[in-house]
Amino acid sequence: DVLVALLLKVAKMFPGKKRGTVFLFNNFDTICAVVREARPIFLKYDENGGGQTFSNETFKFFDEQLAAQSDAFVEEELADHFGPLIEFVKSAETLQKGAEGEEGQAPSLQQATQLMRDFADRWKGAIERIHAEVIKNFGNLQRGMDVLQRTLSQLLVYYTRFTGPDGVLAQMGPDGAALCKDAVTNPAFMYEIKRHSQSRIN
């Protein structure tokens, strides 16, 4: 608890929330590696004759902290590149699924059109920049590739919630649904996710 409190305190000193998240991720990753290396210390003898067992409570705790920072980085990175689209999706879903009579501005077809065009123009370049950010920020390459894959997969989730058969555009009527014909296809998305997730530092 003392160690975690110290790391959280230091993380708040970084300019920008994402840099603090990266700091926490890398430190929790290092701690997990140390605990894994110290495995013999955590071996316990089963008093009932079952041999040795690995008490992984410490590892589990820090692994959960690591997963939480991974989730935070995914959302922060996507917000940097696709914040308006994500906010539009969340806001539209809230209104479309809200109770009858709930106040709120209906999703704008004009804004949706602009978001579709912006995504089509930028998505591949943004993925390249996200890839570069991950390589720069995460010392453990394998961990970094895992985070990258999760980030790109979450981007696909948001885009599907935007343009999919049950997405917010489809719920906006014929004009909204018509926009979906120009959406990036799932195979194209999956190709980019696979290509970047399997890549390494040149």
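At what angle do α3 and helix α5 (residues 141-163) pack, and how far apart are their axes? The figures below show a predicted model, in which local features need pLDDT of at least 70, side-chain atom pairs count only at pLDDT 80 or more, and totals for chains, interfaces and linings use all residues. Residues are numbered from 1 along each chain as its sequence is written, and side-chain values use heavy atoms, with hydrogens and water left out.

**Figure 1. Helices α3 and α5.** α3 and α5 pack at an angle of about 30 degrees, with their axes 9 Å apart. Axes are lines fitted to C-alpha atoms, for helices over the stretch in contact, and angles run from 0 to 180 degrees between N-to-C directions. The angle makes α3 roughly parallel to α5 (under 35 degrees counts as roughly parallel, over 145 as roughly antiparallel, 65 to 115 as roughly perpendicular and the rest as oblique). By class, the contact of α3 with α5 has 15 nonpolar, three polar and nine charged residues. Ala, Val, Leu, Ile, Met, Phe, Trp, Tyr, Cys and Pro count as nonpolar, Asp, Glu, Lys and Arg as charged, and the others, Gly among them, as polar.

**Figure 2. Helices α4 and α7.** The axes of α4 (residues 109-137) and α7 (residues 186-197) come within 11 Å and cross at roughly 15 degrees. That makes α4 roughly parallel to α7. The crossing of α4 past α7 is right-handed. On α4, the contact (heavy atoms within 4.5 Å) is made by Phe-119, Trp-123, Lys-124, Ile-127, Glu-128 and His-131. On α7, Ala-188, Phe-189, Glu-192, Arg-195 and His-196 take part. Sorted by class, the contact of α4 with α7 has five nonpolar, two polar and four charged residues.

**Figure 3. The two sides of helix α1.** In α1 (residues 2-11), Val-4, Leu-7 and Ala-11 are buried (under 20% relative accessible area; exposed means over 50%, partly exposed in between, with a 1.4 Å probe and protein chains only). These three cover an arc of only 65 degrees around the axis, which puts them on the same side of α1; the arc is that of the directions from the helix axis to the C-beta atoms. An α-helix has 3.6 residues a turn, so residues three or four places apart point the same way. Val-2 and Lys-9, on the other side of α1, are exposed. The buried residues of α1 pack against α2 (17-37) and α3 (57-97).

Figure 4. Cys-32 lies in helix α2 and counts as buried because its relative accessibility is 0%. Residues up to four places away in sequence aside, Cys-32 touches Phe-59, Phe-62, Asp-63, Leu-66 and Arg-143. The C-alpha atoms of Cys-32 and Leu-66 are separated by 8.5 Å, although the two residues are 34 residues apart along the chain. Thr-163 is found in helix α5 and, at 12% relative accessibility, counts as buried. Apart from neighbours within four places in sequence, Thr-163 is in contact with Met-116, Leu-169, Cys-180 and Ala-183.

**Figure 5. The whole chain, for orientation.** The protein chain has seven helices and two strands (DSSP runs, numbered from the N terminus: H or I of at least four residues for helices, E of at least two for strands). From the N terminus on, the order is α-α-β-β-α-α-α-α-α. Of the 202 residues, 38% count as buried.

Methods. Left-handed = near helix turned anticlockwise from the far one by under 90°.
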